[in-house]
Amino acid sequence: MITGELKNKIDKVWETFWTGGITNPLTVIEQFTYLLYIKGLDDNEKKKEADAELLGLEFEGIFPKDKPQLRWSIFSNMGPDEMFEVVTQEVFPFIKDLGGKESIYSKFMKDAIFVIPTPSLLARVVAGINGLLQASNSDGKKDTLGDLYEYLLSKLSTAGTNGQFRTPRHIIDMIVRLMKPMPEDIIVDPSAGSAGFLVGAGEYLKENHSDMFLIQGLREHFNQNMFHGFEMDGTMLRIGAMNMMLHGVDNPNIAYRDSLSEQNKDNEQYTLVLANPPFKGSLDYESVSGDLLKVTKTKKTELLFLALFLRMLKKGGRCASIVPDGVLFGSSKAHKSIRQEIVDNHKLEAIISMPSGVFKPYAGVSTAIIIFTKTSAGGTSNVWFYDMKADGYSLDDKRNPIESNDIPDILKRFNNLETEKERERTEQSFFVKADEIRENGYDLSINKYKEVKYEELEFDKPKDIISTIKKLEDEILIHLNELEELI
């Protein structure tokens with residue numbers, strides 16, 4: 001998370017936008033992102049140039065040799081008027097067509113508009129971005145860009161119109177590390193937003209499977225076919241596409257799509273779903289895919305997305321999704337049917353209950369992570385439950401860092417489930433047999449199975465208590481009489 005000096009510098013850039021007349025938070029984020037994207041292109045180019053020079057290889061970059069002014073390192077040192085003309089007339093048109101007219105980026109950037117109105121505002125924002133990135137480098141953080149996105153998106157203090165929430169980066173990181181993406185995986189997020197889960201998966205692979213980039217087939221798979229994300233918000237699509245490219249993915253499959261509609265025909269195409277689908281979102285019920293309604297007939301998006309995940313996954317494919325607590329214990333036929341489908345016909349592996357403050361300042365909604373594998377032949381035997389009480393940040397609107405953090409324990413225990421079998425129901429994590437879940441109407445809420453151990457308290461007998469009171473009253477009366485005599 002962004003804290004300290006870096007947070008203050010970002011807030012100053014944000015304030016610069018506002019005082020310059022750009023007051024819509026999403027517009028600020030979008031314009032901020034364009035400039036970070038432009039700077040990121042130059043930074044990536046510099047790294048590749050340095051590598052090529054070190055190896056004695058020729059390098060063909062994305063920037064034309066005869067137009068050095070397109071690069072951040074050049075135009076950011078210009079005067080305000082010259083910089084404004086170069087950015088608006090040359091740099092912005094350049095990034096909109098980057099990769100050719102058919103590239104993923106030009107596809108979503110075609111509707112992008114650069115709305116910074118004056119040279120002075122642009123100059124101040126560019127100087128601010130240079131300053132905050134210098135501060136981030138001094139912090140030594142591995143992925144400041146991801147944290148920066150998280151902090152910028154946190155400025156959107158309410159849920160989106162379709163019920164979507166920003167997923168905190170440390171929660172994304174935890175989920176990715178629980179699922180451990182592999183180099184051959186085909187990963188999808190059907191409600192991608194700013195592509196946080198896809199970026200997180202890519203960073204995990206770079207960190208844990210760096211050798212895959214030495215194999216041409218796997219390197220091409222990473223850049224072309226591994227990542228898929230769908231979103232209905234055009235602004236978030238642009239932000240997501242730029243986010244992916246800034247994290248080194250050449251051609252992610254980011255598409256405008258209503259994932260729940262009949263237009264989405266994806267069936268058994270992916271090996272890993274990482275998602276935080278919208279809760280209580282607006283829904284065009286008439287357009288919902290019929291095969292999803294067969295699994296759970298409902299208007300609730302959180303239930304329909306679970307049915308969608310099952311359809312999209314290949315057999316043996318895995319899913320980790322954030323769901324509102326109501327999915328786990330809701331008593332409607334639709335709630336029960338999707339839980340029964342996962343428990344009886346696939347392999348439910350884990351339910352991790354999260355504290356209600358995780359999504360603040362958006363809302364205090366209680367959520368959980370559901371992890372399962374698609375088998376189409378059952379396989380649920382024991383389900384692992386974990387009661388997360390702290391995530392390393394205060395559970396109020398401020399979300400300040402604190403020492404208490406269950407995430408390391410969750411990762412350690414999930415990776416060593418054999419040692420969990422003897423855990424008692426009074427502990428923070430434990431197993432529940434599938435038959436017991438069935439007997440309880442497929443209820444998956446941890447409170448249904450968690451046992452609370454009450455300490456037995458012993459009290460004095462009533463007669464003894466009365467005797468003690470009388471003795472105290474006698475003592476009080478004696479002292480009052482003594483006091484009266486002194487007066």
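Buried means under 20% relative accessible area, exposed means over 50%, and partly exposed lies in between (1.4 Å probe, protein chains only). This is a predicted model, in which local features need pLDDT of at least 70 and side-chain atom pairs count only at pLDDT 80 or more, while totals for chains, interfaces and linings use all residues. Residues are numbered from 1 along each chain as its sequence is written, and side-chain values use heavy atoms, with hydrogens and water left out.

**Salt bridges**

A salt bridge here is a side-chain nitrogen of Lys or Arg within 4 Å of a carboxyl oxygen of Asp or Glu. Side chains of opposite charge can pair when their charged atoms come close. The whole structure holds 22 salt bridges. Helices (H or I, at least four residues) and strands (E, at least two) are DSSP runs, numbered from the N terminus.

| Glu30 | Arg238 | 2.6 Å |

Glu49 counts as partly exposed because its relative accessibility is 27%. Arg71 has a relative accessible area of 14%, so Arg71 is buried.

Glu30 belongs to helix H2 (residues 25-55) and Arg238 to helix H11 (residues 234-246), 208 residues apart. Both Glu30 and Arg238 are buried.

Asp43 and Lys39 both lie in helix H2, 4 residues apart, about one turn of the helix. Is Asp43 buried or partly exposed? Asp43 is partly exposed, because its relative accessibility is 27%. Lys39 is buried, because its relative accessible area is 12%.

Elsewhere, salt bridges form a network that links Asp409, Arg413, Glu420, Arg423 and Glu427.

**The sheet**

Two strands pair if DSSP finds at least two bridges between them. Nine strands form an open sheet: 9 strands in the order E3-E2-E1-E4-E5-E7-E6-E8-E11, with mixed pairing. Strand E3 (253-256) and E11 stand at the edges, each with a single partner strand, so one side of each has no neighbour in the sheet. From one strand to the next, the twist averages 15°. Axes are lines fitted to C-alpha atoms, for helices over the stretch in contact, and angles run from 0 to 180 degrees between N-to-C directions.

Strand E8 (residues 382-387) is mostly covered, with 5 of its 6 residues buried. E8 pairs with strand E6 (residues 347-354) in the parallel sense over 4 bridges. Within E8, Trp384 is the bridge partner of Ala350. E8 also pairs with strand E11 (residues 429-433), in the antiparallel sense over 5 bridges. Here Phe430 in E11 is the bridge partner of Phe385.

E6 pairs with strand E7 (residues 367-373) in the antiparallel sense over 7 bridges. Ala368 in E7 is the bridge partner of Ser353.

Helix H8 (residues 169-179) packs on the sheet, touching strand E4 (270-275), strand E5 (313-324), E6 and E7. Contact means heavy atoms within 4.5 Å. The direction of H8 makes about 150° with that of E5. Helix H9 (residues 196-208) packs on the sheet too, touching strand E1 (187-189), strand E2 (227-231), E3, E4 and E5. The direction of H9 makes about 165° with that of E2.
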